[in-house]
Amino acid sequence: MLATTPLIAFVLVSDRERGRNYYEKTLGLRVTGEDPYGVVFDAGGTMLRMTVMPGFKASENGVLGWNVKDIRATAAALREAGITFERYSFLPQDEDGIWTGDDGTQLLWFKDPDNNILSIAQFAS
């Protein structure tokens, strides 16, 4: 029923301007709309709606992730934009913070200003 309908992704933030600045300026997403409740971005062809919820507290789980072609190049660009990557004691991560799964898939995590966990992934195949 929904297989041919475009997906809309959502992320909650507590501060509109701080969230907009991060997703637009730091991550480079293009703003496509705005209303009193939030801001809409184009995230590689997927609509990402950033909804403002004052007092919001982030989940301890990942909320958004991007499938990238070159994780090391993307990580370098994100680092250049001021992003710090997460380190998890329960995962073996390399010097760049990248975890590699048994199938060769590589993942790297970071947080937005509201502590939403975001990630980039380079899938093995």
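Predicted model: local features only at pLDDT ≥ 70, side-chain atom pairs only at ≥ 80, totals over all residues.

**Exercise 1.** Decide whether Glu34 is buried, partly exposed or exposed, and then find which residue Glu34 meets in a salt bridge.

*Solution.* Begin with the cut-offs: a residue is buried under 20% relative accessible area and exposed over 50%, with partly exposed in between. Glu34 has a relative accessibility of 45%, and therefore counts as partly exposed. Next, look for the partner, which is Arg20: the two side chains meet in a salt bridge with 2.6 Å from N to O. Because Glu34 belongs to strand S2 and Arg20 to helix H1, this pair ties together parts that lie 14 residues apart in sequence. Finally, apply the cut-offs to the partner: the relative accessible area of Arg20 is 19%, so Arg20 is buried.

**Exercise 2.** Work out which residues of helix H1 are buried, and where they fall when the helix is seen down its axis.

*Solution.* Helix H1 covers residues 16-26, and its buried residues are Gly19, Arg20, Tyr22 and Tyr23. Seen down the axis of H1, these buried residues fall within an arc of 160°, so they line one face of the helix. Turning to the other side of H1, one finds Glu17 and Lys25 exposed. The ends of the helix complete the picture: at its start, a side-chain oxygen of Asp15 comes to within 3.3 Å of the backbone nitrogen of Glu17, while just after H1, Gly28 adopts a positive phi of about 80°.

**Exercise 3.** Find the salt-bridge partner of Lys25, and then list the residues that shared partners join into one network.

*Solution.* Lys25, which counts as exposed at 57% relative accessibility, forms a salt bridge with Glu24, and their closest N and O atoms are 3.9 Å apart. Glu24 is partly exposed, its relative accessible area being 23%. Elsewhere, the side chains of Lys111 and Glu86 also meet in a salt bridge, at 3.7 Å from N to O. As for the network, salt bridges with shared partners join Arg16, Arg20, Glu24, Lys25 and Glu34.

**Exercise 4.** Determine the order of the four strands in the open sheet, and say which strands stand at the edges.

*Solution.* The order is S1-S4-S3-S2, with mixed pairing. Strands S1 (8-13) and S2 (30-35) stand at the edges; each has a single partner strand, so one side of each is left without a neighbour in the sheet. From one strand to the next, the twist averages 25°. Strands S3 and S4 pair in the antiparallel sense over six bridges, and Ala43 stands opposite Thr46 in S4.

Terms used: Residues numbered from 1 in each chain as written. Heavy atoms only, no water. Buried < 20%, exposed > 50% of the residue type's maximum accessible area, 1.4 Å probe, protein only. Helix = DSSP H or I, 4+ residues; strand = E, 2+ residues; numbered from the N terminus. Arc of directions from axis to C-beta. Polar contact = N/O pair within 3.5 Å; in protein donor to acceptor, adjacent residues only side chain to side chain. Pairing = 2+ DSSP bridges. Axes fitted to C-alpha atoms, helices over the stretch in contact; angles between N-to-C directions. Salt bridge = Lys/Arg side-chain N within 4 Å of Asp/Glu carboxyl O.
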